[in-house]
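Subject: Structure for your files

Hello,

Here is the structure, with the sequence alongside. My notes on what was found follow below.

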Amino acid sequence: MSDEITGKSPEAGAVAPQAAASAEASATPARGPRPAGSGGPRPAAGPGGRGKFFRRKKVCKFCTEKIDAIPYRDVRLLQGFVAERGKIVPRRLTGVCTTHQRRLTRAIKQARNIALLPFATRH
Ligand SMILES: [Zn+2]
């Protein structure tokens, strides 16, 4: 007990002057000659690699609009869920729920069969 007290008091006394000394040291012009340009603009793309895709709302569009049967003739609607090359966009990117994603897939395939949508665009 007594050791703690005796050990503490000199430390507490020493903290303030040390901090003051370090503050003085940092304030010295020794830092001046260093180029300050290191803090430039960083590339926004992180290690995630998701930057290519649109970030949509993560809510099922068909649930919110209460669309039960997905109209396969509605090309505009379907094209929102088809990538440029004709692929169906995965659910985790569109936010469509499982049920509607299945219906959507069927609708897209139907639409493909009647040539409303491409199977795959040529690259
Ligand atoms: Zn849904």
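The secondary structure of the protein chain amounts to five helices and zero strands, in the order α-α-α-α-α from the N terminus. Helices (H or I, at least four residues) and strands (E, at least two) are DSSP runs numbered from the N terminus.

This is a predicted model: local features need pLDDT of at least 70 and side-chain atom pairs count only at pLDDT 80 or more, while totals for chains, interfaces and linings use all residues. Residues are numbered from 1 along each chain as its sequence is written. The mean pLDDT (the predictor's confidence in each residue, from 0 to 100) of the protein chain is 75, with 53% of residues at 70 or more. Confidence is lowest in helix α1 (residues 2-27), with a mean of 51, and highest in α5, at 97.

Of the 123 residues, 10% are buried. Buried means 20 or more other C-beta atoms within 10 Å of the residue's own, exposed 12 or fewer, and partly exposed in between, with C-beta atoms placed from the backbone.

Beyond its neighbours within four places in sequence, Y72 is in contact (C-beta atoms, placed from the backbone, within 7 Å) with A107, Q110 and A111.

R103 lies in helix α5. R103 is partly exposed because 18 other C-beta atoms lie within 10 Å.

Regards

Terms used. Contact = placed C-beta atoms within 7 Å.
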